[in-house]
Amino acid sequence: MEKKTILIVDDVEINRAVLAEIFKDEYDILEAAGGEEALAIINRNEEISAVLLDLLMPGIDGLGVLKNMNVTGRIRTVPVFLITASESRDLLLEAYHLGVVDIISKPFYGHFIKHRIKNIIDLYSYQNELESIVAEQVTRLEKVNRSVIATLAALVEFRDCESGEHVRRMSTLTWLLMQEASERYPEYHLPAAEIDKIGMSAVLHDVGKISIPDQILNKPGPLTAEEFAIMKGHTIRGCEILQKIPDLLDEGTYIYSYDICRHHHERWDGRGYPDGLAGDEVSIWSQVAAVADVYDALTSDRVYKRAYSHEVAVQMIFNGECGAFNPKVLEAFRQSEDRILELYQEKQEEG
């Protein structure tokens, strides 16, 4: 069985020698005479199973090493045992706050510290292995999410030839606007990983169109009142489709997808559908997706109209010709306009 590796950090050579003698039979030993040398070893060696760290050293001391390990994240995966004769309560407390798992007081009693350190190393090994398994499962689930979303988006594209590129641009537009709103307004702030999920989830906003009859979905002229009522039902039909596959999406993606699918036609003044929600009764991601959807619809050719220019589309949105939107979302749009225009120009070149 391959030995695990322990790093011993102490500026006193005899202390390193005593500890090395205690652990040499069960572990491979690395030594460092100071904090700078220790950090160099830690940062280039992924196989270190534990660090025995002296607190008081010239140059970078034990606390300095701990602070660096917090910055790099190594403190989460490598247990650190503090070696010290210090009885300073404040120093020891700070060391614990920085992630030290145990304190080994000088002089050393080999039998006791061997068992204490082995137990912690085994615990960390199990924890790291478990985290690796979880990370693999998360990666696999993300692939499944993307596969399911791509499949459903392809079905929409098959039914509605105009929606193929539209759903893909929706992802980018929603991500751009959500990122800007998140950075600009604290009440709408979300972590980057959540914004990525929202962008991906926006692809499914029109999945309910799968259930709309062809003669309505691709009608070249204006819809009658009865036909429009059926078309509006794509928000509800989409949610019904998503309800049949919740286990194929992770919880966050499912929640975002469902909410955007149902509410991307709601409006700030409550005059949207299907629920007539107003203001921030509508989630910020659905508000953002609504603006993205309207913008892309305006700047795209449809069976019933030609594409408007970017400038005309923006004027229509800000003049309220497409319904009322959250002024903060519109400001996020204004601040993102250069990047949106760049995406629009790429679309024109591809077209």
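**View 1. The salt bridge of Asp-275 and Arg-262.** Asp-275 and Arg-262 form a salt bridge (a side-chain nitrogen of Lys or Arg within 4 Å of a carboxyl oxygen of Asp or Glu), with their closest N and O atoms 2.8 Å apart. Because Asp-275 lies in the loop between helix 11 (251-263) and helix 12 while Arg-262 lies in helix 11, the pair ties together parts that are 13 residues apart in sequence. Helices are DSSP runs of H or I with at least four residues, strands are runs of E with at least two, and both are numbered from the N terminus. This is a predicted model, in which local features need pLDDT of at least 70 and side-chain atom pairs count only at pLDDT 80 or more, whereas totals for chains, interfaces and linings use all residues. Residues are numbered from 1 along each chain as its sequence is written, and side-chain values use heavy atoms, with hydrogens and water left out.

**View 2. The salt bridge of Lys-328 and Glu-187.** The closest N and O atoms of Lys-328 and Glu-187 are 2.3 Å apart in this salt bridge. Lys-328 belongs to helix 14 (residues 327-335) and Glu-187 to the loop between helix 6 (163-184) and helix 7 (192-201), so the pair ties together parts that are 141 residues apart in sequence. Lys-328 is partly exposed at 33% relative accessibility, and Glu-187 is partly exposed at 46%. Here buried means under 20% relative accessible area, exposed over 50%, and partly exposed in between (1.4 Å probe, protein chains only).

View 3. Thr-5 lies in strand 1 (residues 4-9) and is buried, with a relative accessible area of 12%. Leaving aside neighbours within four places in sequence, Thr-5 is in contact (heavy atoms within 4.5 Å) with Asp-28, Leu-30, Glu-47, Ile-48, Ser-49 and Ala-50.

**View 4. The salt bridge of Lys-67 and Glu-94.** The side chains of Lys-67 and Glu-94 meet at 3.9 Å, N to O. This pair links distant parts of the chain, since Lys-67 is in helix 3 (residues 62-72) and Glu-94 in helix 4 (residues 89-97), 27 residues apart. Lys-67 is partly exposed, with 44% relative accessibility, and Glu-94 is partly exposed, with 32%. The count for the structure comes to 16 salt bridges.
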